[in-house]
Structure formats: structure tokens, C-alpha cells
Amino acid sequence: MNKIVSKEFYSENVAMLEVEAPLIAKSRRAGHFVIVRVDENGERIPLTISSSDVEKGTITLVVQRIGVSSAKLCAKQVGECLADVVGPLGKATHIENFGTVVCACGGVGTAPMLPIAAAMRAAGNKVVSVLAARTKELIILEEQMRAVSDEVIIMTDDGSYGNKGLVTNGVEDVIKREKVDMCVTIGPAIMMKFVALLTQKYNVPTIASLNTIMVDGTGMCGACRVTVDGQTKFVCVDGPEFDAHKVNFDEMMSRLGSYKEQEREAYDRYKKEHNLG
Amino acid sequence: MELTDRNAAWREELRKSIKAKERSGFTRVAMNELDGEYRSHNSEEVNLGLTEEQALAESKRCLDCLNPGCITGCPVGIDIPAFIKNIERGHFADAAKVLKMTSSLPAVCGRVCPQEKQCESKCIHLKMGKPAVAIGYLERFAADYERKSGEASVPEIAAPKGKKIAVVGSGPAGLSFSGDMAKLGYDVTVFEALHEIGGVLKYGIPEFRLPNSIVDGEIANLEKMGVKFVKDCIIGKTLSFDDLKADGFEGVFVASGAGLPNFMGIKGENLIGVMSSNEYLTRVNLLGAAREDFDTPVLRGKRVAVIGGGNTAMDSVRTARRLGAETAMIVYRRSEEEMPARLEEVHHAKQEGVIFKTLHNPIEYYGDEKGRVKQMLLQNMELGEPDASGRRRPVPVEGATELVDVDLVIVSVGVSPNPLIPKSVNGLEVSKKGTIVVNEEMQSSIPTVFAGGDIVRGGATVILAMGDGRKAAAAMDEYLSGK
């Protein structure tokens, strides 16, 4: 169970893992995520499913090395197993023919966007994808996104690849030149917040896929709660996708920092033990 | 059966050996426990159990009544006098056998059941103004004795029926149902969403009250009886009900519990440092957050407030003390008399230095510039007229509030049924509260689907869930046998 069948590094700190999970591969839809526990002493972390292969019985996860658990995941070799993979969790993305859909992705947010863009395209939408990252090396899955998009716009902070600027610059250019019926955004909370502010200005309906702290992922603890339209919602069962114009991103960002100190200390310890930078 | 026959020669002899009057004159045994100050800094089990001498002495108090009231007080109907008399004659392993005839988890129930409200509340001694026989302690003694002896007996299993049954959830209701169905000869598979088997027994009830090794022991017994366990599998997500049908499961027992925590919806409740009991206890109990070699973190407060007065609140506040809280307080809107928690837990919490702020209710939390909770505003309450539940209603004392410093708040104001399962089955009748509607036989609106425990009751107790499991097993057997 949960055997890693292939692995590839997209960039220094971003790895793709193809994991054996036949039941999940079969039942998952775009927008779904899984909870993973790397080993017996591990924590439960949420990861979005970026694609699946029903025949091979595998799902694909993309993980960015930012702390202990993601570092452990990136260090796993082909043939090794993950202690636990459970899912598919959350609500699937609501897919319909909206017209023109802009997919605004930041960094590793491109991975969870991939199945959504594909499903939107399959439903008859014109899909314009904006892939943004700090620098050229951090743009991932470009080829795969091109395959499911009518157009791909690349944005880098430093201008090392594509256009120089932020994801919002790319999205605004599209909105200014043609009618956009729906925007989907996945990336760091701060980026989704600014995409939401931008599209609100232009009255473009926008969905954000939220990435809060989670424990069980099945609605039993409320660690992932956010305020949407003044109401408390659990991201794991009510989401992860919400109307971006109604999400309290400031509260969400604050809550994401709940364990910042413990996480940093744990990661420093881990790096020391494993002789990593 | 020799072990349970009240008219067996050995048992008649025991009855004659000591006069009833003399038996009722013996003093009730006191459970040995760890010192309050010592144990509030570790996770060792607080209650130490009875010694053989203590168990023998306590067993002599039971009058072996002709019409034992205690049995009617037990939700799973354990033959209480029979197991106690087996202890009295020194046959401890036989006592465990008697327990296992009706209970799948005696070591668990002996520890966590509120016996004072169940079996022990019907003991004949109470009518004579004497303390009840310590049935819970004796149950625990017999179950522990068997486990320590390493010779756990496997109950008799009927010939295989060739019918597959699925159980959704591995908490007390699901485990009890599985044990009974396995005994009846069914091929039982339990599906669990989490990575550990046991439900609330693992993620909720702390180590100092119910060691996980005890739960694992009971689960191993079920495995010996042929019950299969599948973890990391969410029915309604990983596998649908249709998948179960296609896989040949002829009956489904839903025991998915009431895992959804309630929040109060007051200002500041989403600040950092405010969390549900479920989150707090899951991090510590299921994920080992307090242990150095585990990856899951947990916030440790110096001044911790737990909101609520149930067993979960007591478990949380006592856990907070063990994780280093200098001040750990219970904030409860009624008075101590109305607290739903077990008396023993309240007593233990006090011994461990927990402060009780009763007749107080939080109305707002305040945070610092980093969004971390630093204070709570409490409303003073008083008791008014009795409400629908028969308890006196707490009403605010106008203008009387106080500001209290806190750096961690655990909200423990109840749970609601998890909507995941009810929502994923077409045609399943669900109440307004989200519980699955069942008839007296625990059968839902879909004839092959039975349900029990908290998904039917809302938040209740371990033993009521187990009772439901037993009842559902008997009823499903009857239904599937076409009786």
C-alpha cells in the first residue's frame, strides 16, 4: 500500500511523487485532496491530488520542501511506502461551462490547478492559465498546463522567464482584453488575497482553493476553520474551494502562523540531523 | 452454563458460606491511585486497579441477588453476579469469560463507564444506605487479569454464515457490533477513516485514563475472532455505499460517531490558541504531539481555560496540566452540581490542581498584535428556572463580567454528528440535527443499513454506543436470517 512508483524533482525543492492508491485514484475528482502521514511518528498533512491514473492505480502528489514532513516526503525513494494516504477529501471543484476561465497559479499551486484546468477545458471552457513564480526555476508543470489550456501566460517576479511581474498583473491583462467569466486561484494565501481583490474590482467571480492547517481532514477537529462571509467554515469538508471574495484572508494568514516557531525549530533540528543546509 | 448458572453447586455454596447481612457489612474497596501532584506531570494511568486481595474482598460484598437490578442498569446486559461470584471463588479467568459473553471491551468499560449512573446505581446495597458494589473496578480487575495472564480466551464462534457485513467506524459502537456479529458467524470488515483503530478510545480519551495498549488488546481479541480492519478508508469518499454492495456486503452498520465539534460563534473564537477539544486531544492522544520523537506540534499554554463541563472538558483540562499549564481552569456556565462529567473525573481534576470557574460563560476573546488569544471576557451567570432538560437554566447576571488572562482556550461544548456519511447515502433518513433516524431495532430507512452510537444519539457515552452495537447486531442477524 502507498508505494512510491515514480519520483521526479521539478526544481530543487519541489518533488513529484506518484503513489500507489487504487481506490483513491478511482474515486477522486478535480479539487480533491488527500491526507498523508509519511511514517509512524509523522504528522498528518494535506496534499492536493494533481493527477491520477486509474489503470495503474496511482495518484500524483506535488510537494514543496518547506518543513520536516515535506522534507521527509522529498527524501522518500521509489519503492518505499508512505505510512498513510487517506482520501479523496474535500468537495470536488464545481465544473461547468462558464465561458472563459482564468486559472491563476502561484508556485506549487500549479499542481493542484492542473486537474481543475483540465476539467474546465473538458467542460467546454476557454482556459487561460497564468503561471507565476519568483524566478524561472520555480515555474513547474508548464508543458502539462499548456496541454489543457488555450493559452498560458508566464509571470516571474524577476523577469527571468515570461513576463516580469506578479500573477495579478497577468490576470489583469487578460481581464482588460477580454470578458472573463470565472477565475480560479491557487497559491500562497497572500497571492490569493490579491487575486481576489483584483477580480472583485472587475466583478469576475473567483474561487480560491484554501490551504489551511489540517489535522484529520474529515471535519472532526476544526483546525482548518476559516471565516467565509462572516461564518465559520471547515476547509476540509466545506471546501477547500470558496468564493474568494468572501474569504477573510487576513485571519486565514494569521492562523497559518499558529505553529510557526515550533515548525521552524523542528525543521532546524531535522536539517542538523540530516546534514542539510 | 456452569460459569453463569445461579443454581450451580459452587455458587449455592458460596451464597451459603457468608450470610447476606455479613456481606453487606463489609466496607467498599477504594481504588489505589497515583498521587495527584506526581501524576499531573506525566501520562501514567491514574487508577492503578485492584490487587487480588482487594478484588476478593470486594467480590464478597455482592449478595448474588435472585433478581439482580445491576444487570438491568448495564446497557450491554453483563451477567454481573455471575462474573463477580467467579472472582469470589478465585476463578479470575472464568470471570473474564463471563464478561466477554456480552461485552467486547470489558477492560475499556471497566475504566470509562459512568457506573454510578448505570449498573452500580441499581445495586441492592444502595437501598440499605450502603455504597454499591464496585462493579466497574471488578470488571476492570477481571479483564486486566486475563490480559496479563497472556491467555485471552476467544469466545465461541458459530459456524460461518457466508455473509459479509461492513462496519463504518471503529469506535465503541462499531467494535461491539463487530464482536457480536463475528460470534454469530458473520464475515465482518470494519472500515476506519483514521490511521488507528478505536475511534474516541484512541483519539479522545487520554492515556492517563485509558492506555492505548488496553484498547489495542481488545482489538487484538476481535481480530482473533476473525474481524478484519481496514484503516485510512472513508466510506462515502474512498469507497461508496454502492461499492460496498458491489463487493458483496449484505449489511452495513454505520457507527461513524459525532465527530464534528461545536463552537460557540462568539467574537475572537478563531484567534490562534483557541481550538476544539477534538483538535487538542487528537494532537496529543492520536498523534503523540507531547512526545519529542513525534512530528505533530501542539500549543502549550501557561494559562489554559477549557470551556465546558463534560468528560471531554475534564480530559482536556487534565491534559493541559500535564503539558505544563501553570493555571488550568474549567469554565462552566452552570454550577458544579449540573456538570455532566463523571464525579470521579471532577474529583481527579481537583486533586491535580484544576481550578473550577463555574457559573461563568465566555462572551468574547481578545488577541495580541500577532492574533494570539490573550484574554477572555467572562459573563457571570446564575441559575434560573429548570429548562426542558430538567436542569436549572443558566442566566447572565446583568453587568457582571470579568476579564481573565489566558493563552490557550479549549472549546469543549459538545459535538454534532459528522455529516459525511449521512450525506453520502441516497434515501437515508436523517433528522434535523443530522443524526441517522433508526427504529427500535437500530434499523435505518434503508433496510440493510443499521446505525448506532453517536451518529444516532448525538454526543453520548461509550457504553451506550456499545449497547447500540449489541442491539443492532441482534436485529441485523434476525433481519438477514429472515426470521
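Colleague: What pLDDT does chain A average?

Modeller: This is a predicted model. Chain A averages a pLDDT of 95. In that chain, 100% of the residues score at least 70.

Colleague: Which elements of chain A have the lowest and the highest mean pLDDT?

Modeller: The lowest is α9(A), with a mean of 90. The highest is strand β11 of chain A, residues 182-186, at 98.

Colleague: What comes after α9 of chain A?

Modeller: His274(A) lies in the segment after that helix, which spans 260-273. The side chain of His274(A) reaches the backbone oxygen of Tyr270(A) at 2.9 Å.

Colleague: Switching topic. How many cavities of 30 Å³ or more are there in the whole structure?

Modeller: The search finds three.

Colleague: Which residues are closest to the centre of the largest cavity?

Modeller: Ile213(A), Ala223(A), Arg255(A), Ser258(A) and Glu279(B). They belong to a lining of 18 residues.

Colleague: Which elements give two or more residues to that lining?

Modeller: From chain A, β13 (225-228) and α8 (249-256). From chain B, β8 (274-276) and α15 (277-286). The largest share, three residues, comes from α8(A).

Colleague: What classes of residue line the largest cavity?

Modeller: There are 11 nonpolar, three polar and four charged residues.

Colleague: And the second largest cavity, how much space lies in it?

Modeller: About 120 Å³. The second largest cavity has 15 lining residues. Closest to its centre are Cys74(B), Ile78(B), Cys113(B), Cys119(B) and Glu139(B). Helices α6 (80-88) and α10 (135-149) of chain B each give two or more residues to the lining. By class, that lining divides into 11 nonpolar, three polar and one charged.

Colleague: You mentioned α10 of chain B. Which salt bridges does Asp144(B) form?

Modeller: Asp144(B) meets Arg111(B) in a salt bridge at 2.9 Å, N to O. Asp144(B) also meets Arg147(B), at 3.1 Å.

Colleague: Where do Asp144(B) and its partners sit?

Modeller: Asp144(B) is in helix α10 of chain B, and Arg111(B) is in helix α8 of chain B, 33 residues apart.

Colleague: How many salt bridges does the structure hold over all chains?

Modeller: It holds 51. One of them joins Glu120(B) and Arg28(B), with the closest N and O atoms 3.1 Å apart. That pair links distant parts of the chain, 92 residues apart. Glu120(B) is in the loop between α8 and α9 of chain B, and Arg28(B) is in the loop between α2 and β1 of chain B.

Colleague: Why does Glu120(B) count as buried?

Modeller: Because its relative accessibility is 9%, and buried means under 20%. Arg28(B) is partly exposed, at 26%.

Colleague: Which residues are linked in a network of salt bridges?

Modeller: Glu33(B), Arg39(B), Arg209(B), Asp315(B), Arg318(B), Arg322(B), Glu345(B) and Glu352(B).

Colleague: Last one. How many residues of α7 in chain B are buried?

Modeller: Eight of its 11, so that helix, residues 92-102, is mostly covered. The buried ones include Phe92(B), Asp94(B) and Lys100(B).

Conventions: Residues are numbered from 1 along each chain as its sequence is written. Chains are lettered from A and ligands numbered from 1 in the order in which they are written. This is a predicted model: local features need pLDDT of at least 70, side-chain atom pairs count only at pLDDT 80 or more; totals for chains, interfaces and linings use all residues. Side-chain values use heavy atoms; hydrogens and water are left out. On a 1 Å grid over the protein atoms alone, a cavity is a set of points where a 1.4 Å probe fits but cannot get out, and a pocket is an open set with protein on both sides within 12 Å along at least five of seven lines; lining residues have an atom within 4 Å of a point. Grid points are joined across faces, edges and corners, and a volume is the space filled by probe spheres set on the points. Helices (H or I, at least four residues) and strands (E, at least two) are DSSP runs, numbered from the N terminus. Ala, Val, Leu, Ile, Met, Phe, Trp, Tyr, Cys and Pro count as nonpolar, Asp, Glu, Lys and Arg as charged, and the others, Gly among them, as polar. A polar contact is a pair of N or O atoms within 3.5 Å; within protein, one must be able to donate a hydrogen and the other to accept it, and residues adjacent in sequence count only if both atoms are side-chain atoms. pLDDT is the predictor's confidence in each residue, from 0 to 100. Buried means under 20% relative accessible area, exposed over 50%, partly exposed in between (1.4 Å probe, protein chains only). A salt bridge is a side-chain nitrogen of Lys or Arg within 4 Å of a carboxyl oxygen of Asp or Glu.
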